[in-house]
Amino acid sequence: MAALGACGEWLVSTYEKKLIAVHTKNSREPFVFDCSAAEQKPKDTEADNKSDGSEETGSDKILAFAISSSAKLVALTDDTKRLVLFRCEPSWQVISTRWVVRRCTSLVFTEAEDEVWAADKSGDVYSFSVVEPQKTGELKLGHLSMLLSMTLTPNDKYVITADRDEKIRVSHLRSPHNIQAFCLGHLEFVSSLLAPPGHPQWLLSGSGDGTMKLWEYESGRRLQSWDLKQLRDMPNSDTGKEKRSAVSRIAGSPGGHHVAVQCERVPSVQLFGMEQGTEERLVPSSRVTLPHCPLDLTFDPQGRLWVLLDSRETPFLMYTHTQDSWQCDSESPELKSVTEALQPHWEALQVSAGLESQFQHLYKANFDNMASYREKKQQRLQQQNEHGGKKKRGPGKGQQSNGDSKKAKKGNQSGSVPKASS
């Protein structure tokens with residue numbers, strides 16, 4: 001999984017098995033962590049995992065990572081089921097390596113930075129202590145479906161989880177069995193969540209149905225909804241069907257004035273702005289067209305938009321907001337230094353994340369059995385009409401009826417010999 005995040009003045013990116021952090025201001029040596037060279041799973045935990053039927057082999061591919069609100073901590077998880085905790089300042093170092101029960105799909109730090117929460121593919125959420133970095137995880141809540149995204153609200157009041165079955169659940173963080181509300185309305189899996197900065201009562205969600213919705217999460221009330229296909233002015237294909245494109249990322253600027261939305265396999269980014277009035281609301285402001293499909297995006301502390309592209313030649317682009325529009329700053333010294341530091345690592349990797357859908361297997365399959373049913377029914381009706389006028393004939397000359405045949409057969413099996421007629 002290719003992903004991007006801003007950790008203070010560090011720009012953090014993940015590619016396949018590597019996490020790479022590049023400083024945007026100073027010419028510091030990039031920090032590189034390779035999961036394939038990381039600590040191996042102890043044998044006792046391997047035996048424990050065999051009993052739960054989970055997979056044993058992994059390719060060390062990074063599945064998710066998270067950055068704390070103070071930008072002092074980073075956590076990542078891979079498909080070998082590691083959970084690695086880092087300290088970023090004053091220098092990068094590994095604090096601990098722990099093991100999750102199943103492969104994780106989402107990580108998030110609490111605002112107090114005393115815990116990191118991990119959601120996994122089986123629908124469970126575990127909390128891992130930061131204060132006690134060697135302590136095993138504690139099960140907090142569970143869904144009946146695969147979890148795809150998770151976020152925490154300000155002041156660590158609620159944990160919000162989204163699953164494959166279109167459900168968004170709002171639970172109390174300190175007593176997750178206590179469910180505050182459900183946010184229901186998506187028609188496909190919910191792939192992305194964001195509690196936008198500066199708006200503590202809001203939640204943004206993106207889905208495989210191609211829409212983004214704004215919620216008042218405490219009540220579960222939907223405030224706004226946008227069909228991103230219509231915002232992109234996508235024409236219908238010859239068959240009348242549009243290519244499905246899930247919302248893969250929603251990011252908010254530090255001040256909460258801008259929201260960027262990325263859809264998979266779409267070479268553009270949709271921007272939203274805040275409109276002031278009797279009540280605040282989001283409105284589509286502009287769309288940035290990209291030379292390649294984006295793999296991920298993030299805002300840095302200065303409010304600049306960084307986009308990670310599916311391109312070896314141009315892995316990064318940076319946009320700044322000026323006079324109600326977003327302009328690409330290709331001459332930025334920060335962009336040049338980050339690109340130069342990343343280029344040696346990027347060229348050694350196979351870039352293919354933007355070519356295939358990471359959500360394709362999550363769509364529900366629809367089967368239409370009515371057509372075949374109607375066809376078979378029509379065939380039966382035709383056969384009945386063809387033979388409907390013909391009468392059933394009795395047994396012909398020299399033939400026995402079914403009843404006489406059964407009696408004769410029964411007599412022969414009993415060994416009796418029929419008497420000769422006089």
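Predicted model: local features only at pLDDT ≥ 70, side-chain atom pairs only at ≥ 80, totals over all residues.
Trainee: What makes Glu 218 and Lys 157 a salt bridge?

Mentor: Their side chains meet at 3.4 Å, N to O. The cut-off is within 4 Å, for a nitrogen of Lys or Arg and a carboxyl oxygen of Asp or Glu. So the pair Glu 218 and Lys 157 counts as a salt bridge.

Trainee: Which parts does this pair tie together?

Mentor: Two loops. Glu 218 lies in the loop between strand 19 (211-216) and strand 20 (221-227). Lys 157 lies in the loop between strand 13 (147-152) and strand 14 (158-163). The pair therefore ties together parts that are 61 residues apart in sequence.

Trainee: Why is Glu 218 called partly exposed?

Mentor: Its relative accessibility is 37%. Buried means under 20% and exposed means over 50%, with partly exposed in between. So Glu 218 is partly exposed. Lys 157, with a relative accessible area of 44%, is partly exposed by that rule too.

Trainee: How do you know whether Lys 167 and Asp 163 are buried or exposed, or in between?

Mentor: Set each value against the cut-offs. Lys 167 has 29% relative accessibility, so it is partly exposed. Asp 163 has 0%, which is under 20%, so Asp 163 is buried. These two form a salt bridge, with the closest N and O atoms 3.2 Å apart.

Trainee: What makes Glu 275 and Arg 281 a salt bridge?

Mentor: Their closest N and O atoms are 2.7 Å apart. That is within 4 Å, so the term applies. Glu 275 is partly exposed at 32%, and Arg 281 is partly exposed at 40%.

Trainee: Why is Thr 339 called buried?

Mentor: Its relative accessible area is 17%. Buried means under 20%, so Thr 339 qualifies. Thr 339 is found in helix 3 (residues 333-347). Leaving aside neighbours within four places in sequence, Thr 339 is in contact with Pro 315 and Phe 316.

Trainee: Which residues have the most contacts inside the largest nonpolar core?

Mentor: Val 12, Leu 19, Phe 33, Val 74, Leu 76, Phe 86 and Trp 92. The core has 19 residues.

Trainee: What is Val 12 in contact with, leaving aside its neighbours within four places in sequence?

Mentor: Among its contacts are Leu 4, Leu 19, Phe 65 and Trp 92.

Trainee: What makes strand 1 and strand 4 edge strands?

Mentor: The sheet is open, with 4 strands in the order 1-2-3-4 and antiparallel pairing. Strand 1 and strand 4 each pair on one side only. Neighbouring strands of this sheet are turned by 15° against each other on average, direction ignored.

Conventions. Residues numbered from 1 in each chain as written. Heavy atoms only, no water. Buried < 20%, exposed > 50% of the residue type's maximum accessible area, 1.4 Å probe, protein only. Contact = heavy atoms within 4.5 Å. Core = buried A, V, L, I, M, F, W, Y, C linked by side-chain atoms within 4.5 Å. Pairing = 2+ DSSP bridges. Axes fitted to C-alpha atoms, helices over the stretch in contact; angles between N-to-C directions.
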